[in-house]
Structures are given as structure tokens and as C-alpha cells.
Amino acid sequence: MPETTPKGLTGLAFGGDYNPEQWPENVWHEDVRLMREAGVTMVSVGIFSWALLEPARGTHDFGWLDRLLDLLHENGIRADLGTPTVAPPAWFYREHPEALPVAADGTRYEFGSRGAICHSNSDYRAAAASITTALATRYADHPALALWHVHNEYGVPVSACYCASCAAHFRRWLACTYGTVDAVNEAWGTAFWGQRYADFEQINPPRVTPTVGNPAQALDYKRFADETMRENFVAERDILHRLAPGIPVTTNFMTALSQCDSVDYWAWGREVDLVTNDHYLITDGRRTHVNLAMAADLTRSVAGGAPWLLLEHSTSGVNWQPRNPAKSPGQMARNSLAHVARGSEGAMFFQWRQSRRGAEKFHSAMLPHAGTDSRVWREVAELGASIESLTSVKGSRTVADAAVLWDWHSWWAQRLDWRPSEDHDPRERADAFYEALYDRHLTVDFAHPEADLSAYPLVVVPALYLMTEAAGNNLREYVGQGGTLVVSYFSGIVDEHDAVHEGAYPGALRDVLGLTVEEFSPLLKDDRVRITGPDGSELTGDVWTEFVVPRGAETVWTYADGLTAGHPAVTRHRLGEGSAWYVSTRLGAQGLDALIGWASDDARIAPRADLPRDVEVVRRSGESGTFLFAINHTSSDAKVPLDAAGTELLTGERATGRLVLPAGAVRVVRLDG
């Protein structure tokens, strides 16, 4: 079995992307001296260096990388060595302009950015294999090498190409997937609008058409594009496994739903030796620490619950959003340690030294333009010491209380054209339900709809428009055996080919929810509906309503006005030993809190009323002990109850009874016993 932790790294990883090629070589020694001062243990190198490593086809220049890796090794710093295949050199595109990707409207992108790759192009694949082979041959036994880093952020900025090479590759993929063109016709429903194909050669990618194209074809093309990128990753990974055994291979994911929507990370998580992730705060007015927690939980879940590694985040502001505020004092540490709390084996940044040139010169770094006499540098050095003090956390696993079901294929399908309402956003529902769970201080695992759910007392389905029959059966079995399920509207509607399940909505979920939906009734923009409970209490919904018909479920809340007045809005179905809740409108924060509260009571999850809002408490547990992470995102001091005494690792102090948690601070208690 391949190794799953960076070779030679005894503690947690701390460091960032290092791009020494942007600086004179005399700066490197100063960089390494400062890295040691800050407590850096690993840096990522070579990710965008193809043009320097291979300045002309077949001509390699490894001298500078030799000297860099030797320098890192001499100073006890490990290397996450990149294969630079995200940025082919100018000479490659001059020889193979057809390797540049083509948009759906026929526009061919130009060289001059990054990630401009047609992943079906055979010349790109051959060149990527060649430079990967050369790197592995030269550095397999280098003592600084800890981890291989293939490519960079697959799916960003281009995931799908629509050129002739991709068309031919897509036809081969369809033949392998379906066997016959008749099976494709059946899966895609090509009898609609006379789209039937008589031969695979008649099929093209879903390029621009006069009106909406075939949704099943578009969905399959997203799957094809994702699998094609993954084929290229696997090809490089296998070269590295063969030539450099014992060194784990990864590629940096972007699991946050706010950052990448074209990659099926459930599938990718099975291919890497170590799951790694990049995460950047989206400053859109939301509580950024909640999005961070959600991304970390999702990354850990993609890793199957195993420890993973935060490979990139920012010390302060980024440069690519409309507005890029700096992080407040202490926020960098809170962000970093929140990732560690939720399973990361360290905290890495983009990047070490802030660039003077290029598109990212205003992106923050560990060593900013202001140098070492700066707040950011002082916080970096302080964080390095904190990371070192948490060495005993390494290898432990985060403990979850509930699960949220998520499927990238469903997200792709639901976002295709001509759905009942453009105001229904699956990401928004996932964010909203996650935030409701977060505010009840519940730690969340994400799970695939067909995964084993027996370990979770509570499972939440915020948005699963596409659901296979197997997933529906899985949820019915889960509830029947005692689980508590919460499902939001427009879930269970279509199968894996975007075909509506036979019979009434919500197809795959009818039995477990004990109801049918006769008709959707989306609301007009800014419309609201009132829903009332049996005690006269009232909530508000928007965006969506339905005509729900209970068929075994009990009505808990009822629409009080609107077209669906008098019909159930929230139902509960007792099935076997468990219960399934359904909400057929979009509830706001107050309504979701009430819903999750009722379901938590069913699941026998005790409320954490003793914790203030935005005080985050997460546990990691393993052979080295149980660790309680407490993170205060508020401007007021707080107290966190402890169920056992322990030692606070960042200060060395003993903690008993109620842990004092200063405003904006982080504390990590290794509990006794």
C-alpha cells in the first residue's frame, strides 16, 4: 500500500508554496533562514516550473532545483514536489496549438494564464508523462522529498474542452460506458425533440445550440470531463508510484462549494494517497468561519474520515475577489487551527514570499512585502510555534455528530437549464442547513447518498435533486433501523440520467417520507408564505412551495396562505424504529433551527445550550488521546465546559471544569484519561 503521510514529517506540516524561481538565488538562503525562524516544516515547490525545468523539448535544466532541494534538506525542511503539468511551456503550445482548450461556443483559449489544457489531447498527455518521468527519475531518492504534488487545482479554471479531440474521446467514453448507441438513446431520452442517434459518430459534445440542449447529454459530458482530468492524474500518479515508491502522491483539491463545482471529489478521494485541500475565505458578507468549517468537514469526509492536509490558504487578504479585506488580528491562527480541529495534519499557505510580479502580487503571503517588521509575519511565527505544540494531535480523527448527504452529480444535474425556479440554489441550501447544524454545535461528516449511514443518529439532505434508486433504498433502510432523516424540497426527483422517477414526486424518497407531491408551486421573486404549527406558532418560507399529500406521514406545520394554503409544509413519518422529516419550502435560519431541533430530539442528540454562538468546539481522538479544540470567533470572552480535566497545549496550563476562552482565541485541551 502507498504511504499516506508525508515522508519524514514527524510533526504537523507548516509552510507554504515556495516559488524561488521568482527571486535571485542569493534570496534563497535568507528565505530558508526565515523559514527556520518561523517553524516551517514543509514547502511546496516546482508547481509552475515546467518552462524552467524543460526550456525546450527534451532539454532539461535541473540544476536550480537540485540546489534548492539540497538547501531545504540541509535546513531540515521537507519538500512537497510538484509535477508542473498545470502550466505547459510556450514552446509546447507553439508546437501543439490544438492542446489549448475550446469553449462550448467554439472559442479557443490562448496561452498566457494557467490551466489552459485540453485533457484529451494526446500530445499534452505524452509531454506530461515525460516531465513527470524525468522528475521522478531524478528525485525519487532525494532526502528532502516528502510528498508528490501532481498538477494544481484540477478543474480550475477550465475543466471541460469541446474540441474535436474531446468529441472523439467522448464517443469512446460513451461506448465504454453504455456499450451501444441504443443504450445512449435510452439513457438520454433522445426520442424527445427527435434527437435520436444511429451511430456514435453522430454524437458531439454539448456545444452551443439555438435553445436548451439535451440535459442528460450535458450531465454525461460533465462526468466525462471530470473522468478525463482524473485519467491524467492517475497516469502521473502511477509513474510516480513506479519510480518513487514510498512517497505519497496527492493533488490539491478545492472542495468548498464556493470554489470549485466541476470535480466529483468522492471519486477523486479514492485516487490520491493523501487528501489535500486549498481553501480561501469568500468575503460575501457571510460568516466566513462557517464556510471554512464546512469545507474542512467536506474535505475530511472525502478522505473517508482519515486525517488530511490543508495545502493552501491565505495569511490575510487574497487578490481575486471584487473586494479583498485583510484578516483581523488573530484570524489567521483561528482559520488555521479550525482546519486542524476538523482533521488537517497541519496548515500550509499560498505562498511563502509575496510575489512582486504577476497576477497574484497582491495576494497575501507568509513573508509579505512589508517584511519581518509586520503584523502578518509576527502572527506567522507565533502560529508556527502553536503548530509545533500540537504534534501529539497527529494521526487522531475528528469526531462527528451528524451527517449531511452531498453528491456532485446531483449538483451538476440540478444546475442545468429549465428547472422550476432559478431561485432554488442547491449550494445555498447546503450552506443554510450546515449553518443550522453548526449553530447547534454539531460536528458534521458529509456522506455520499449510497454510503453506510448507520453510525449517524441524524442525517440531513439539503439538496439531492438527483438520487438513484439504490440511494433511496439506503435511506429507507437507515430510517427503518432507527435513524432520523431530514429532507429538504426538490430532492429525490430524477435518476442518474436526469429522468424523472416513475410515479409521483419525490420518486426515490416517496416511501421513506410517507408522502407524495402532486405539483411544485415555486414562488415569484420576493414572495413569502406563512406556515403555522399546531400551537399557533408561525414561520416564514420563500422561493418554493408544494402540494404535499401525506401517505403515512403526519403534518407538523401547515401552509397558512398562498396557493398551497391548507396543505402540509413540514411532515414527519415514523418508519420502523426511526423517523423522516420533510420540509417543502425554503426556511430561513429561524425555521431551520426549529426543524433541526425537532429532528435532534428524535435522534436523541442533546442540545449544547451551554455554548455561545460562534464558539466552535470540536474533538479529535486517537491513540495519542482525545483533544478538545475550542475556537472563539466572537469579541467576548467565553467559558467552555469540560467533561474531563486536561492540559491546554498552546499555553501548557491545566484546564478543569470550565475552560476560559478569551475573545478571538483558540485553546486545545488534551483531556486526561
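Predicted model: local features only at pLDDT ≥ 70, side-chain atom pairs only at ≥ 80, totals over all residues.

A: Val543 sits in the loop between strand E17 (538–542) and strand E18 (546–550). Its phi is near 70°, a positive value in a residue other than glycine. As background, most residues other than glycine have a negative phi, and most peptide bonds are trans.

Asp526 makes a handy partner for that story. Phi of Asp526 is also near 70°, again positive without being a glycine. Asp526 belongs to the loop between strand E15 (515–520) and strand E16 (528–532).

Now for the peptide bonds. Val156 and Pro157 are joined by a cis peptide bond, with omega about 0°. Pro157 is in the loop between strand E4 (145–150) and helix H6 (164–178). Another cis peptide bond links Tyr505 to Pro506, and there omega is about -5°. You'll find Pro506 in the loop that runs between strand E14 (484–488) and helix H16 (510–513).

Arg287 lies between strand E7 (276–278) and helix H10 (288–302). Arg287 counts as buried because its relative accessibility is 17%, and the cut-off is under 20%. Its side chain makes a polar contact with the side chain of Asp614, at 2.3 Å. Leaving aside neighbours within four places in sequence, Arg287 is in contact with Glu435, Tyr438, Asp439, Arg613 and Asp614.

Zooming out, the chain has 17 helices and 29 strands. Its radius of gyration is 26 Å, close to the 26 Å that the globule rule gives for 673 residues, so the chain is as compact as a globular protein of that length. The C-alpha trace spans about 75 × 75 × 45 Å along its principal axes. Of the 673 residues, 60% count as buried. Among contacts between residues at least 6 apart in sequence, 72% join residues at least 24 apart. On the charge side, there are 60 positive and 87 negative side chains, and the centres of the two sets lie 4 Å apart. The accessible surface comes to about 26,100 Å², with 49% of that belonging to carbon and sulfur atoms.

Conventions. Residues numbered from 1 in each chain as written. Heavy atoms only, no water. Helix = DSSP H or I, 4+ residues; strand = E, 2+ residues; numbered from the N terminus. Rg over C-alpha atoms; globule rule 2.2 N^0.38 Å. Buried < 20%, exposed > 50% of the residue type's maximum accessible area, 1.4 Å probe, protein only. Contact = heavy atoms within 4.5 Å. Areas by Shrake-Rupley, 256 points an atom, 1.4 Å probe, with all protein chains shown as cover. Lys, Arg positive; Asp, Glu negative; His and termini not counted. Charge placed at Lys NZ, Arg CZ, Asp CG, Glu CD. Polar contact = N/O pair within 3.5 Å; in protein donor to acceptor, adjacent residues only side chain to side chain.
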